[in-house]
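Hello, and thanks for passing this one along.

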Amino acid sequence: MSQAAATGHLETSTGLDNRKLLMWLFLSSECLFFGSLIAAYLLYRDSSVTGPYPDELFDIPFTSVSAFQLLVSSVTMVLALAAIQRGNVRAMQIWLLATALLGLLFVSGQAYEFTQFYREGLTLETNLFGTTFFVLTGFHGAHVTVGILILMSLFAVSLQGRIQKKDSLNVELAGLYWHFVDIVWIVIFTLVYLIQPGAGSN
Amino acid sequence: MATEWPQPRKQGLADALGWARRMADQHYGIWSWIATVDHKRIGIMYGVTAFLFFLAGGMEALIIRLQLAVPDGNIVNADQYNRILTMHGTTMVFLVIMPLSAAFFNLMIPLMIGARDVAFPRLNAFSYWVFLGGGIFMNASFFTGDVFSGELGAPDCGWFCYSTLSSKAFSPGHGVDFWALGLQILGIASLASGFNFVVTILNLRAPGMTLFRMPLFVWMTLVTSFLLIFAMPVIAVALFELLFDRLFDANFFNPDKGGNPLLWQHMFWLFGHPEVYILILPAMGIVSEILPTFSRKPLFGYPFVVFSGIAIGFMSWGVWVHHMYTTGLGTAANAAFGISTILIGVPTGVKVFNWMATMWGGSISLKAPMMFAVGFVAMFTIGGLSGVTHSVVPSDYQQQDTYYIVAHFHYVLFGGSIFALFAGIYYWLPKFTGRLLNDTVGQIQFWLMLIGFNLTFFPMHMSGMLGMPRRISTYSGDQGWDLWNLLSTIGAFTIAAAILIFIINVIYSLRRGQAAGHDPWDGRTLEWTIPSPPPHYNFERIPTVHARDPFWHEKYTEDAAGRPIPVIAGAANGHGEENGDHGGHGIHMPSPSYFPLIAALGFPIIATGLIYDYALVAVGAALLFVGIYGWALEPVTEEEEGHA
Amino acid sequence: MPVSKLRPPHLPPGHAFFALFALLLIGLLASGCIGDTDTPQNTLAPEGEVARQQRDLFMLAMWPALAVMIFVEVAIVVMLLRFRRRKDDQIPKQTHGNTPLEIAWTIVPIVIIIAFVGVPMIPVIFELGRDPADDAYPVKVTGIQWVWQFEYPEIVNDEGAALVTLGEPLHIPAGREIALTIVSADVNHSFGVPRVAGTRDAIPGQEERMWIKVDEPGSFAGQCRELCGTGHADMKVTVIAQSDEDFQAWSEEMAAGVRSAGTGDDSGAVSASGSGE
């Protein structure tokens, strides 16, 4: 907006940058989105009429490694932001790549897990567990994938020199999104994988 | 007068289409509209499109009323009837009231807060194009059956499409897919709009305009936008679940695999109840602007009307089960939600009292905007009161799914929202066209519409109490429902006549209407300080605001005895005509862009692909990506920092 | 609009329209009271215990609602007439509000509706929503596109097979509590017989229990209340309440006709007639 066009800084009534406020609003709506999917999972948790059931399929150690990868990716994301806020484009690029790579590892782990479950006979149509699990974690994985695309786009744009210290907000916004997706995974991992109904309760 | 037209962006994919680029930069012509990011133009497009859908939904209503005018009607068969009634409801809620409200958000919010545009002009354009695509996509379903033998492909499950009727087993055609995918697309438009207006209202207010100096319409828009942000994701998930069940054999609502069809109802109404407040709060905001202006008094109890709106926003999340009393959720749940539903009537009642107190002691001008606004208060009160009778759980068991419910929601949505939206059109359209609508014709339209509306919907209280269920394609003549249905049909055609008169009024006034000038109504708020139509940059100088109703305070002050008197001319801040608008040199406005449209096109194509051919999904996705990448990478120049 | 000598000069334009409208509204309101009340599905002419309690609560809520409506509409008309702008009008006093008034008209409505609507409704919710009594007469109601099926566990033949009827009226003994179990075989339906009791949804995958009780023998009409496809409008039902002797006689007659599972036809003696699928 042209209210303070000359300085290049926008004065907003709240003092918050428009795009940062937008990102926070978007993330809060995503809370409702994932909340509804998680609620569906929890509501149907003990209701599958036939197997396979979670305790037969889950490989907690494997998924823990995946979760850890995503957690570390949040650290590298923070480092990327810190780098560009100091004006260090090179370091930012490295950390962005690292974040994207870890994200990619996570998604690959998910894909592998899905294939394993599929081989054991779990599909969308098998039972309620299959339906709710694949839809919930699938949407989460899609969000991570979109995040990876955003990170790689930032990386590509920075190769043209178009991300400098003054543009750090772009990286910060990507970081907000990335951390959110990570937090959602922590919630999913806890509620879906770690806190299970007792074996054979179905 | 010389103006600074928007400068083209220097680089970007769109420059490959050099010719299209040059066309977008013109101020006239269809290309300039296609690439516009100007909130005023987007508002006009929303309004015109929504009005066309209103005519479509109205035709659907007339067919319904023709079918039900007499017992054992056979204008349409039961299958056609179910499709038409589904599209009538879906159209009116999602393609008429919501976008008409969006039209007013677009047209009015920046002007009322003293801004040059919304926070994210391209996102704004994107919302409109997505809405248009979704509306066309959904209506295209009519033509997917064998139309010439009377087979319509439209959805037929009712506007809230309960499970398990919505499953592939019981609705094997594509109608429900069109419904679910269409709503999904529309949801994206609404969500984007919600984000945009929250940021705009919170961040782009003119200096001195604190939250409690904002016009009430702005407050209601803020609450509505928050409701959109939180409610749309819930329906999005419900629709995804329905689509996964239908397209990929998931089990969300499949009782054979342990799924619960009631989950759909819970999710739909968890969205659906905030949705009905999304439908009414903007209307309440419009009326809260018109009543003070035409009574020449400020809105009585402004802070309380604001708090009531906020309270309604919060409470709307706690009443959804009142749509499900008869589904067997148990006495405790029904009792709890019965109480919460009774209580949500209170803030609405507070608003009604405040509106009446606004009029009390005023100097009331009965021009068309005021007639519609007062009509809103009168009709909405009736609808609200019948709503209170619904909240009584045991009697709701008699009312549920009868025409008594149909009467209630038409009183609040037509007698409420639609009347208020017409009030807004008569009030604010002159600001954008520069011409007043003919007031006498407006009065005739008002009375015809009021009489027609009551003749249509009041008898439905009777037929409902006499047990007539909703959504039946015919009824037999031995039930005692005949007279009421006939009256309703006569009323419906009366409404149609009123709408016809409105259309004539608009067409006539666009050419020959009286010039509006910048302040035809002796208004109170900032939009009346600028010329009609406004220059594309809105305000030559962003005003500094010192009070609520800032324009009123510039025009009128109080004498020693506390009586309001006009401010002596010359002492007022120059606005528009007095100091002359100098053409806005040096004001940089956001450049037009094609990318919102390109991205928006992706959605209906993806949706069509999901129904017919997955290759189309790839095509739509590609368009979406190109659109988004182009949009994101359009260069950030100094004056455009912070735009999206 | 020219002002004639006969018309008082201070009436607003459109007053003729308004008079027409007022007459219409009053006529419509009045017709509700005067109209024929003995129609087959009149929710306000109860013949059963449940319907009666529902009707009584509705009247309790309706009168205050009607009073508020009349007050608001009359007040609006009075204000439009009294405060209508005249040529020589000053700008009115710019009253911003009145906090005590705001508090009053928030608290008082809360008290009134809780007292007159909320409180009375709670016991009725629990009474009407309670499980049927143990000695209630049981019938299982199944909604099937687009016909109602009734299963009578207490009408059995010699081998213990129960009576199942499809598309036939529901027979019940009058003056006695009936336990209905309502299910659906396919999509959502809703079993509504207004003069007996309000409607109750039949939802696939769940069982609804409700009790009804009809005072006197008679015949009562109802139909499906939830959109269930193209046959929704035809999915009608009749409830026939009979005196104890008549119902006994009917039960015995039906029991004699029930064929057992072994004969390969366990759909009961009476097959679908009337509206079919």
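The points below go from the chain contacts to the sheet, the hairpins and the salt bridges.

1. A reminder before we start: this is a predicted model. Please read every value in this note as computed from that model.

2. Let's begin with who touches whom. Of the two pairs of chains that touch, chains B and C have the most contacts. Chain A and chain C, on the other hand, do not touch, and their nearest C-alpha atoms are 12 Å apart.

3. The interface of chains B and C brings together 101 residues of chain B and 92 residues of chain C. Between them the two chains bury about 8,400 Å², and 71% of this area is on carbon and sulfur atoms. The salt-bridge count between chain B and chain C is zero, while 25 residue pairs are in polar contact across this interface, with both residues at pLDDT 80 or more. On the chain B side, several helices supply at least two residues each, among them α4 (78–113), α8 (261–295), α11 (368–391) and α15 (482–512). The largest share of that side comes from α10(B), with 15 residues. Sorted by class, the side of chain B that touches chain C has 56 nonpolar, 36 polar and nine charged residues.

4. Now for the other interface. Here 44 residues of chain A meet 51 residues of chain B. The buried area is about 3,900 Å², with carbon and sulfur atoms giving 65% of it. Between chain A and chain B the salt-bridge count is zero, and 14 residue pairs are in polar contact, again with both residues at pLDDT 80 or more. From chain A, the helices α1 (18–43) and α5 (128–159) each supply at least two residues to the side that touches chain B. The most comes from α1(A), which gives 14 residues. By class, that side of chain A has 22 nonpolar, 17 polar and five charged residues.

5. What is chain A made of? Chain A has six helices and zero strands, and along the sequence its pattern reads α-α-α-α-α-α. Taken along the principal axes, the C-alpha atoms of chain A fill a box of roughly 65 × 35 × 25 Å.

6. Chain C has an open sheet of five strands in the order β4-β10-β9-β6-β7, with mixed pairing. Why is one side of β4 and of β7 left without a neighbour in the sheet? Strands β4 (170–173) and β7 (197–202) of chain C stand at the edges with a single partner strand each, so one side of each has no neighbour there. On average, neighbouring strands of this sheet are turned by 25° against each other, direction ignored.

7. Within that sheet, strand β6 (residues 189–193) and strand β9 (residues 218–224) of chain C pair in the antiparallel sense over two bridges. Phe191(C) has Cys224(C) as its bridge partner in β9(C). Helix α4 (residues 244–257) of chain C packs on the sheet, where this helix touches β4 and β10 (236–242) of chain C. The direction of the helix makes about 135° with that of β4(C).

8. The hairpins of chain C are worth a look too. Strand β1 (residues 137–144) and strand β2 (residues 147–156) of chain C run antiparallel and are joined by five bridges. They form a hairpin with two residues between them, and Gly143(C) has Trp148(C) as its bridge partner in β2(C). Five bridges also join β2(C) to strand β3 (residues 162–166) of chain C, again antiparallel, with Phe150(C) opposite Thr165(C) in β3(C). The hairpin of β2(C) and β3(C) has five residues between the strands, and Gly160(C) takes a positive phi near 90° there.

9. One of interest is in chain A: Lys20(A) pairs with Glu172(A), and their closest N and O atoms are 3.0 Å apart. Lys20(A) lies in helix α1 and Glu172(A) in helix α6 (residues 168–194) of chain A, so the pair ties together parts that are 152 residues apart in sequence.

Methods
Residues are numbered from 1 along each chain as its sequence is written. Chains are lettered from A and ligands numbered from 1 in the order in which they are written. This is a predicted model: local features need pLDDT of at least 70, side-chain atom pairs count only at pLDDT 80 or more; totals for chains, interfaces and linings use all residues. Side-chain values use heavy atoms; hydrogens and water are left out. Contact means heavy atoms within 4.5 Å. Buried area is the accessible area (1.4 Å probe) that two parts lose on being put together, summed over both. A salt bridge is a side-chain nitrogen of Lys or Arg within 4 Å of a carboxyl oxygen of Asp or Glu. A polar contact is a pair of N or O atoms within 3.5 Å; within protein, one must be able to donate a hydrogen and the other to accept it, and residues adjacent in sequence count only if both atoms are side-chain atoms. Helices (H or I, at least four residues) and strands (E, at least two) are DSSP runs, numbered from the N terminus. Ala, Val, Leu, Ile, Met, Phe, Trp, Tyr, Cys and Pro count as nonpolar, Asp, Glu, Lys and Arg as charged, and the others, Gly among them, as polar. Two strands pair if DSSP finds at least two bridges between them. Axes are lines fitted to C-alpha atoms, for helices over the stretch in contact, and angles run from 0 to 180 degrees between N-to-C directions.
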